[in-house]
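Hi everyone, and thanks for making time today. Let me put it up on the screen.

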Amino acid sequence: MRRNDQLKWRCGPVGDDWLSQRARAAEQAVPGAFDLSECVREPIHLLGGVQSYGTLVAVDTATGVVDTAAANTGLLLGVAAEDLVGAPVTRVVEPDDWIEALEATSGDEAPSAALPVTAGEGSARGTFDLSVHRSGELLVLEFEPRDERQAFLFSGFYQGVRRALARLRSASTVTDGCRTAVKEIRTLTGFDRVVAYRFDGPDGPGEVVAEEVTEAWEPWLGLWFPATDIPPQARRLYQDNWIRVITDVDDPTVRLHPQVRQSTGQPLDLSGAALRTVSAFHLEYLRNIDVRSSMSVSVMREGRLWGLIACHGAAPKVLAPEVRSACELFGAAFSLQLAAIEERERADGFARTGARAGAVAELLDSDVEASLLRHEEAFRGLTNADGVALARSGRVVSAGLPLPDPLASELSRRAALMTPGTVWATDRLPELLAADADADADADAGADAEHEPVAEPDGLAGLLMVSLGRSGEFLAWTRAERPMPREWAADPAVPVRVGPRGERLTPRGSGAVFRSVMRGRSLPWTAQDRSAALEMWRMLTGLVLRHANELGRLNDELRMINVDLDSFAHAAAHDLKEPLRGISNAATFTLEDAADDLDATSVRRLETMQRLAGRMDELLNSLLHYARLGRGGLQRDEVALDDVVDGALEVAGPRLADENVTVVRHDPLGLVRADADRLYEILVNLLVNAAKYAADRPDRTVEIAVATVPTLDGAGSEQAVLVRDNGIGIPPGRQSEVFDLFRRLHGPAEYSGGTGVGLAVVKRIVERHGGRIWLESEPGQGTAFYFTLGDPGTEVSGRD
C-alpha cells in the first residue's frame, strides 16, 4: 500500500538547537516515557478532576443528595468536599435555583443550561455562573466565580455576535467561510492564534485551511498535522460537545471526591463538563507549541466531525460563559453555513451539468454499451475522468483507464447493496481496498472469506460510481493516481521522538516542516462531478425505461400478430379441408362413373386433380400440426433418452432398414427433462430424414449420441443431443433454408417426396423448450443435427 513515499527534509530558519530546547522544556512538565498507544487508549472523560478556576458538584436528581464534589468546594463554596458529599445540594444552592436547574435540563434531549446564581456558605457565599447538564442519574453543577464588574462589557456583546453571524452568512465558499470564522472567533475571544482545521476523513490527519495569528507567532496555514494529534476518543468527545476550553496548561488539577463512585466503580463521567481536566498528553502537546491556553470549537457536517476551530493563547485565559456560548453558537452557525454552501454547490452543479449530461445522454442508443464505447471521450469529459465503465446484464465494458476484472466484481458487489441512484465516490481507492482487506482478515480470523480481497489497482486511485440496480449494475468514472505534495507540521511517520527522558511528542510548527508526497490518491471529486453522475443515472434510467416500454409495446404487437397468425393457420387448414375433400371426391366419382365416356386427356386431368388434392391434404395436415404446436403447453418430465429413441425407432426403424441404414447408439444416453411426446416427434423426424437422404454407399449409418458443446455466449458448455448421418449432405449456401416451413431442397418426387414441414416442426418444438438447433454438413459427407432443450424451468410460448 503506497500511502506516503516520504521525501523528507527539514527547512526554515530554526534548527536542531531550537527544537531540542523546545522539546526538553515540554518533557520536564510530564513525568515518565511517552507511549502513543496509551495516548490513543486514554479514557479522557474519566480523568477524575476539574480545572481549578471553578468547582463541580454532582447531585442525585431523585434525592437532591450530593454524590461527588471537587476538592476545592471548601475554597469556592465554603463547604469541604468531604462534608458536602452525602449532604443535600441545597446546602450550597438556593432551593429555587436547584428546582430551576432540574427543570432546565428535563426532557428527552436533556439539554445543558447556564444560570447566574448566588451560592456558597458563610464568607464564601458569592455570585457564580452555574452550568448544569445531566450525566445518567446525576445532575452535574459547575460553578465559575462571576465578576459583576465585567457585566457591562457584555451589554454590547449581542450586537457583535449578530454582526459576526451576518458576515459568516455572506460567505459563498468553504474557504471564505473558514476565513470569516477564524477572524470573528479571534475578535470575540482575543486569542493569539485561531485556525480552521479540516480533517481528511473521519480518522485522517488535519490541514490548516484558514488562520488569524499575531505577528509574533509562526504561521501554520497550509500545514498538515498527524492523525495521532487528535486520537479517536477525543474526536468522539468533540462530536458530543461543541466547545472545549483549557484556561491554563499549568493549572493544578483539582481531584474529585470520591475518586471512584461506589455505584459504578469508576470516576465520574465528565464528558459534558466544561471544567473537565486535561490529559497529560494533550498538555505536553500544547507546551510543545508554546501555548498556555486554548479553546476548540467543533465543526460538524451531517452528524460527523468535519474539523475544528482551534484557538491558542500565549497566556492563561478565562472565558466567561457568555463568550463560550457565543463561540458555541458561532460553531453551530458555521456548521450550518458549510451545509448551506455544499447544498448551493450541489444545486449549482446540477444546473451546470444538466445540459452537459443531457448532451452526452443523447449520444446513447438502444445498444447502450456500444454507444458508450463510441463516445467514451464525451463520457469521461463529463466528470474530467480518465476512464469510464458500465456494468449491465452481467457484462462490464470500459474505456480509457483500464478497470481490472476483480475490481469490477467488487464494484458490482457494492452496487448491489446500494439503493439505485446512490452516488459513491473516493479519491483514495487503494487505501480503501487495503482497509477492507484488513477488515476481512480480522473478521475471518483464518477462515475462508466470502469474497477474495481485491489487489491494489495499478495507477487507479479515484472512483465515482452510481448504482443502476439491485443486481449489481453500475456506471463508474475512474481517475488515475495524482501524487500530491504535503507539508507537515511534524513527521507523520514519527509522531514521537527519543529525547533525554525517553519517547516524547515531537514539536509541531513551521520551524520543523516535513515535505512528503502522498501516493494512492486522485484529484478529489467535486459536488459538480457527483451531480453529473446522478444526472446521468436519471437519464440512463429514463432511456432504458423508454427502450423497455418500446420493446414491451412491440412485443405486445408481435404477440397479437402471432396469435392472429396461429388462429388463421389453424382455421384455414381446418376449413379448407372440407371443400378440398369435395373436389377430390368429385374427381373420383367422375372417373368411376363416366370413365368409358371420357377421352384420355380428360381422364389424365381428373387423375392430376386427385393427386393434387391429396398433396394439398397432406400440406393442410402438416399446417394443422404445426399450428397446434403453438397452442398447447409442454409437459416436461424427467425421461430416459434411450426410451424415447426406442419409441422413435419403432416408427422410423422400418424406413431405415429399407434404405440399409445402420443405427449406432452410444449407450446409455442418460436422462433429460422434456415433453416426451414432443421429443419423440423430434427424433422421428430426424431419423426419417436420415433414411430419406441416405447416400449411395455400403456403410450407411446414423449415429445418435449426447455431445458436450459450447454455450451460445461461449462462456461455458452444455449438453446437446446429436443425430448424425453420412448421407448426401446439404450445400453450405442452403443449410439455413432447411428449417423453413414448406421448404424442400429437392423436387416434389425426389427422395420420397414430402411437404417440407418436418424440420420446421423440429425447430419449433426445440424453441418451445427454450433450446436451440443447428446443423453441420458437407455435401457427400453427411449432416449432423444438434439440439438442446433449454433450462428445465424455461418454456417459450409459441404465441410470443
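Let's begin at strand β31, residues 782-787, which is mostly covered: six of its six residues are buried. Before we go on, please keep in mind that this is a predicted model.

Which way do the residues of β31 point? Gly-782, Ala-784 and Tyr-786 point one way, while Thr-783, Phe-785 and Phe-787 point the other way.

Now, who are the neighbours? One is strand β29, residues 717-725, which pairs with β31 in the antiparallel sense over five bridges. If you want a place to look, find Arg-724, which stands opposite Ala-784 in β31.

Another partner is strand β30, residues 773-778, and β30 and β31 also run antiparallel, over six bridges. There, Ser-777 has Thr-783 of β31 as its bridge partner. β30 and β31 form a hairpin with three residues between the strands, and in that hairpin Gly-780 takes a positive phi near 85°.

Let's move to the aromatic rings. How many aromatic pairs are there? The count comes to five, taking ring centres within 6.5 Å as a pair. Take Phe-128 and Phe-143: their ring centres are 5.9 Å apart and their planes are at 85°, so this pair is edge-to-face. Phe-128 belongs to strand β7, residues 126-135, and Phe-143 to strand β8, residues 138-145, so the pair links distant parts of the chain, 15 residues apart. Are these two buried or exposed? Both Phe-128 and Phe-143 are buried.

Next come Tyr-197 and Phe-199, with ring centres 5.3 Å apart and planes at 90°, so they are edge-to-face. Tyr-197 is buried, at 7% relative accessible area, and Phe-199 counts as buried at 8%.

Over its ring sits the charged end of Arg-193, 3.9 Å from the ring centre. There is another arrangement of this kind elsewhere, where Arg-479 lies over the face of Trp-525, at 3.8 Å from the ring centre.

That's my tour, and I'm happy to take questions.

Technical notes. Residues are numbered from 1 along each chain as its sequence is written. This is a predicted model: local features need pLDDT of at least 70, side-chain atom pairs count only at pLDDT 80 or more; totals for chains, interfaces and linings use all residues. Side-chain values use heavy atoms; hydrogens and water are left out. Rings of Phe, Tyr and Trp (its six-membered ring) pair if their centres lie within 6.5 Å; planes under 30 degrees apart count as stacked, over 60 as edge-to-face and the rest as tilted. Helices (H or I, at least four residues) and strands (E, at least two) are DSSP runs, numbered from the N terminus. Buried means under 20% relative accessible area, exposed over 50%, partly exposed in between (1.4 Å probe, protein chains only). A charge sits over a ring if NZ of Lys or CZ of Arg is within 6 Å of the ring centre and within 35 degrees of the ring normal. Two strands pair if DSSP finds at least two bridges between them.
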